[in-house]
Amino acid sequence: MTIGENKSILIAKYVLMTFFALLTLFPVFLVIFGGFKSLAQLRLDLFGIPDPVMWSNYLDVLDPKRSVFFKNLVNSTFIMVMTVAIGVVFSSLAGFAFSRIDFPGKEIFFGFFLVGLLFPPAVAILPLYVELKALHLLNNFFGVILPQVAFALPFQVMLTRSFFNQIPVELEEAATLDNCSSFKFLIFIVMPLSKPILTTVSILAMVGSWNNYFLPLLVLNEERFFTLPMGVMSFQGQYIYNWPLVLAFISLAMIPAILFYMLAQKHIIEGLTGGAVKQ
Amino acid sequence: MSPAKNTKESMKFGKQGRLRNTMTAAGFLCVPFVFYCVFVILPVLQAAWFSLFKWKGLGPLTNFVGINNFLKIFADPVFRIALMNNLKIVILSLLIQLPLSLFIALIIGRRFKGAVIYRAIFFLPYILSEVIAGVIWSFIYNPQIGIQNTVLADLIPFLASFPFLGSQHTVFYSIFFVLIWKYFGLHMVIYIAGLQGISQEVEEAARIDGVNWWQMNWYIILPLLKPTIYLSVFFSIVGSFQTFDMVWAMGRGEPVNAAETMVTYMYKFGFQRFQLGYGSAVAIVIFLITLSVGLIYNKLTAEKGE
């Protein structure tokens, strides 16, 4: 407690914050519990404890024969992993060149990369669709992965470049004396030293890819390619009158993100905000 | 910014060193550069080019219409609804969402037991996708099952079974409420990060002078937090113009286009009616509006000394 703040104000603050916290959480809990209810109970007793507990909703969603949940989960995971992996490699390579190598036109090239920060994906999406069609990348995971990587690149390169700038010159001199090539220097010295920024880059890419809906919606039209957000939409459309089943699907679709959040909360919050604020 | 040593080195090695450096840089940059050009720069330029044609996406671009697409866009009442909705999201976010985030950040941002838990809870909706957030709230708003069926029906009888997402008068605000729910935690966390950058000594000094909580925040903390606030406002504005997923998940901008945004409008023309020329023109308009608002905003905040 501090000066100028008496106990009742402090209590009021906790009451208010707890109220907001409950308001924030209640939709999530409503959905998770709703998934355990029967349709009849859901209609009559939205806030009640599930009775009887309908495990069957969750089991049906988890059953690969009856729902596409697992397929969606695998697809989203594959797209995310590839987006992160390629993004980390590309942003390290480009960030290193802009930070550590002196070559003619460097500032112009870097400026050219930064221009990309101005373009939201929506601006390019129609021609991108035409292009992906010509490249036979429609209904192909790489039709989502490659543009995702490209659109994230300007921001990622900005982050890696400014982090690489802080790595002491002496290290590079020592490496040069040991006949270490720039590429080896990047892989064996710079990248291990840059874990904080590469974590930030990865987390931004993970969250962006996992939650992306707009691009997959255009590129992936066949159900076997659907990602989790697409799966949620199509499942809801399919079972519009069976809300408990839909709620079970949503709950399960939320679990990977919530688990990841609980495990890496500090990194996620710092990555998503620090990455932006520090610039 | 780049270490001076590189320049020295290339001078030391003369022309040969420079050439070698250029080759190395080319090796590092070529693949990311090609990707960036193919998937970002080229489509953006193409959008500008397509926007001058009437084109259904098949065959060559022959039907040159100049700025006609743009005239048609601004003459279309549905586009005007979409544009107004985007502007409303921008303004309401600045008036409601950001002050709320700031208020919460000021309370839990410093010296608050359990702040970590509150922060974690408030940030949670942000990590869920807009689609999931949209579907969750479609359920809550659902007139047969959702909350007004149970709670509101008892409190305010005439709201029983009121279709929040089905009425053109309420759909926009119902969706906007979900936008607040999803994004207030992000801005709160940005403000908390900014608060942590403010030295404790400033606060101590003020406290010794006997200022109260409100004076402290209004006269001391907020002015110091300005750069962070500018940044969060910028994110909010730019993001508001891109709203798509959530609106799409909560009824695709319907009924009667009441919740249309510029991006849902573009999507409908581009991918449902396959008017790729017209759709590209909409994309260019979205880009120019976002860019000019962003530039004006940056200029205004720069003049204020940031």
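Chain A has a radius of gyration of 24 Å, whereas a compact globule of 279 residues would come near 19 Å (the radius is taken over C-alpha atoms, and the globule rule is 2.2 Å times the number of residues to the power 0.38). Along the principal axes, the C-alpha atoms of chain A fill a box of roughly 75 × 65 × 35 Å.

Before going further, note that this is a predicted model, where local features need pLDDT of at least 70, side-chain atom pairs count only at pLDDT 80 or more, and totals for chains, interfaces and linings use all residues. Residues are numbered from 1 along each chain as its sequence is written, while chains are lettered from A and ligands numbered from 1 in the order in which they are written.

Confidence in chain A is highest in helix α4 (residues 69–100), at a mean of 94, and lowest in helix α14 (residues 265–277), at 73.

Chain A has 14 helices and zero strands (DSSP runs numbered from the N terminus: H or I of at least four residues for helices, E of at least two for strands). In chain A, 48% of the 279 residues count as buried, meaning that 20 or more other C-beta atoms, placed from the backbone, lie within 10 Å of a residue's own; 12 or fewer is exposed, and in between is partly exposed.

Now look at chain B, where 20 of the 26 residues of α7(B) are buried.

Technical notes
pLDDT is the predictor's confidence in each residue, from 0 to 100.
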